[in-house]
Amino acid sequence: MTLLTRMGLRSQNPDSPGPKASPKTQIAVTCEVTSRLSAVRSLPGSQLLDHGARYLQHHYSAWAQQQGGYEEAFYSDDEDDIQ
């Protein structure tokens, strides 16, 4: 959460009018950072990926459930979203 706050993607106070990226963007950044850190090998890759998975579960599971699950939340039939 600190990283996302420092990057301006998330506010420490969820009720504040400060910067907020969409949950999709926050999840994507979390996955990207976890992936890049696992390549550094400062921690065993599986341990780092476990930390990333727990972080996503703790911070985004409720949002994902409201969307119908992660697959549904990230599904888009809009061809403009596909790169």
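Where is the place of Q12? I started my notebook with that one, working from a predicted model. I found Q12 in the loop between α1 (2–6) and α2.

Then I stepped back to the whole fold. I counted four helices and zero strands in the protein chain. Reading from the N terminus, I wrote the order of elements as α-α-α-α.

Which residues form the largest nonpolar core? I listed eleven: L4, L9, A21, I27, V29, Y55, L56, Y60, W63, A64 and A73. Both α2 (23–40) and α3 (45–66) supply at least two residues of this core. I noted α3 as the helix that gives the most, with five residues. A friendly reminder to myself: nonpolar side chains tend to be buried together in soluble globular proteins.

Last, some totals for the protein chain. Of its 83 residues, 24% are buried. I have its accessible surface at about 6300 Å², with 51% of that belonging to carbon and sulfur atoms. For contacts, I took those between residues at least 6 apart in sequence, and 43% of them join residues at least 24 apart.

Notes:
Residues numbered from 1 in each chain as written. Predicted model: local features only at pLDDT ≥ 70, side-chain atom pairs only at ≥ 80, totals over all residues. Heavy atoms only, no water. Core = buried A, V, L, I, M, F, W, Y, C linked by side-chain atoms within 4.5 Å. Buried < 20%, exposed > 50% of the residue type's maximum accessible area, 1.4 Å probe, protein only. Contact = heavy atoms within 4.5 Å. Areas by Shrake-Rupley, 256 points an atom, 1.4 Å probe, with all protein chains shown as cover.
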